[in-house]
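Dear colleague,

I am passing on the structure below, together with some notes on what I found in it.

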Amino acid sequence: MLLAFHKPWGVVSQFTPDGSPNRTLAEFGFPAGVYPIGRLDADSEGLLLLSDEPALNQKLLHPRHGHRRVYWVQVERIPTPAALRQLERGVVLGGHATLPCRAWRLEPPPSLPPREPPIRFRKSVPDCWIALELVEGKNRQVRRMTAAVGHPTLRLVRARIGGFGLEDLAPGRWKALSTAEYAAVLANPGDTHQPSLEIFAALQRAYPDAHCELNHRNPLELLVATILSAQCNDKQVNLVTPALFHRYRTAADYAGADLEELEALIQRLGLYRNKAKALQACGRKLAERHGGAVPRSMAELIELDGVGRKTANVVLGNAFGLNVGIVVDTHVARLSARLGLTRQTTPEKIEQDLMQLVPPSQWTLLSHWLIWHGRRRCFARSPDCAGCELGQLCPRVGV
Ligand code: SF4
C-alpha cells in the first residue's frame with residue numbers, strides 16, 4: 001500500500017509527539033501499519049509518502065538509486081543564473097559537497113494555497129520561487145543550500161517524488177495511490193534509461209538545425225511576429241512581416257501607428273483587428289516603461305499587450321537565449337500527449353512536466369524539436385506514423 005499525503009506546515013513526519021507544539025500524523029486518519037517514507041521537516045510542506053512496504057524506503061531515498069525529488073522553494077531576492085548554476089554544481093555544507101542537482105526559476109510562481117501561518121516577508125526584499133531537483137535529502141538540505149548561495153528559504157514545498165506530483169491534493173489530505181500512480185512514484189524522469197531521453201535524442205538527430213521559424217532580425221521583430229502568430233501559422237506571419245517591419249522599425253513607431261494602416265498591413269491574418277490594437281498598445285508600453293527596448297524577464301513581458309507566457313518564452317529563448325520555460329503551443333501540447341511525456345492538458349501543467357525531463361539549457365530546443373516534428377510528421381489529423389523517425393519509441397497515446 002502506498003499513500004500520498006500533502007503534509008501541512010507545523011506537522012512532524014511521525015505519529016508520536018516529539019515534545020514540540022507541532023501536530024503529528026496521528027490526527028489524519030491513516031490506515032494502521034503505514035509509516036512515513038523519509039521525513040519532511042515540520043516547517044516544510046508538500047508530498048509525504050506513507051507505506052507498509054519496508055523495501056520502498058531504500059529504493060526511493062538512498063542516493064545510490066538517484067531517485068529524484070523536486071522541491072519548490074520561495075526564496076528571498078531573485079537568484080542570478082550564476083547562483084542557480086552554483087546550486088546545480090553543488091555547494092559545500094559543513095564540509096560535505098552536495099551532489100549535482102537541477103535548479104531553475106518558477107515563473108509564474110506555483111499555484112499553492114496560502115500557508116498557515118503566513119510566511120514572514122521583508123517588504124523591502126523581493127522574493128521568487130525556484131525549483132530544485134535533488135537525489136539526496138540530508139538534514140534541512142534545501143534550506144541550507146539556498147542560504148549558502150545567499151537566498152534564504154521563505155517557504156518550502158516538496159512537489160514531486162519520481163514521476164509523481166502533488167498536483168491538486170489539498171493540504172492535510174491523503175489518498176491511496178492507484179497502480180499507475182504507484183508506477184509513477186517509482187519512475188525516475190531524469191534517469192538516463194528513461195524512454196523520453198531516447199525520444200529527445202531521436203528528435204535531435206532528425207532536426208539538428210531546429211530553430212524558430214518566425215523571420216526576425218531583432219527582439220522587437222520577434223515579439224511582434226509572435227504576437228501575430230496567435231491562431232496563425234508561421235508561414236502566414238512571414239508573408240506579412242517584411243512590409244510591416246519595413247514600415248515600423250521601433251516601439252515608438254508601433255505606439256504612434258495609424259490603426260487603419262496597421263490593420264491593412266496584417267489583414268490577411270486572423271484576428272487582425274485585435275492584433276493591430278495589441279501591437280499599438282504593446283509599442284506604447286515598451287516606449288513608456290522600457291525605453292523602447294524589449295524587456296528580458298517573464299514578469300515584464302507578460303505585462304505587455306498581446307503577450308502571454310507562451311509568447312514570452314518564445315522571445316526569452318530565441319531573442320535572448322534565456323531558458324526560463326518551455327513554449328507550449330498546439331504542436332507541443334499534442335506531441336507531448338502522443339509521446340506519453342505528460343498526462344496534463346493545460347499548457348501551464350504540460351510545461352511543468354516537460355521542464356522535469358531535460359536540463360534548462362535544452363528547454364528552448366525541446367520546444368523547437370516538438371514543433372518541427374508536429375509540422376513535418378506528427379500532423380494533428382493524420383500523423384505519418386509509418387514514416388516517423390521515432391518509430392517504436394513512441395507509445396502513440398490517443399492515435
Ligand atoms: S509515431 Fe506517430 S504519433 Fe508518434 S510521434 Fe511519430 S507520427 Fe506522431
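Where the two domains touch, 7 residues of domain 1 are in contact with 10 residues of domain 2, two residues being in contact if their C-beta atoms, placed from the backbone, lie within 7 Å. On the domain 1 side, strand S7 gives the most to this touching region, with 3 residues, and by class that side holds 3 nonpolar, 1 polar and 3 charged residues. In this classification Ala, Val, Leu, Ile, Met, Phe, Trp, Tyr, Cys and Pro are nonpolar, Asp, Glu, Lys and Arg are charged, and the others, Gly among them, are polar. The domain assignment of the protein chain gives domain 1 as 2–190 and domain 2 as 192–399, with bounds that come from an automatic or database domain assignment, and the C-alpha centres of the two lie 32 Å apart.

Please keep in mind that this is a predicted model, in which local features need pLDDT of at least 70 and side-chain atom pairs count only at pLDDT 80 or more, while totals for chains, interfaces and linings use all residues. Residues are numbered from 1 along each chain as its sequence is written. Helices (H or I, at least four residues) and strands (E, at least two) are DSSP runs, numbered from the N terminus.

Two strands pair if DSSP finds at least two bridges between them. Strand S3 (residues 45–51) pairs with S9 in the parallel sense over 2 bridges, and Gly-46 has Arg-158 in S9 as its bridge partner. Strand S4 (residues 69–76) runs antiparallel to S9 and is joined to it by 7 bridges, with Gln-74 opposite Arg-155. Strand S10 (residues 164–165) also pairs with S9, in the antiparallel sense over 2 bridges, and in the hairpin of S9 and S10, which has 2 residues between the strands, Gly-162 takes a positive phi near 60°.

Some backbone details in the loops deserve a look. The peptide bond from Glu-116 to Pro-117 is cis, with omega near 0°, and Pro-117 sits in the loop between S7 (102–105) and strand S8 (127–134). Arg-77, although not a glycine, has a positive phi of about 65°; its place is in the loop between S4 and helix H2 (81–89), and Arg-77 counts as partly exposed because it has 14 C-beta neighbours inside 10 Å.

Finally, helix H10 (residues 272–290) has 19 residues and reaches 25 Å from its first C-alpha to its last, close to the 27 Å expected at 1.5 Å a residue, where the expected span is 1.5 Å times one less than the number of residues. In H10 the residues Lys-275, Ala-276, Ala-278, Leu-279, Cys-282, Gly-283 and Leu-286 are buried. They cover an arc of only 160° around the axis, which puts them on the same side of H10, the arc being that of the directions from the helix axis to the C-beta atoms. The face turned away from this buried side carries the exposed residues Arg-273, Asn-274 and Glu-288.

With best wishes

How values were computed:
Buried ≥ 20, exposed ≤ 12 C-beta atoms within 10 Å, placed from the backbone.
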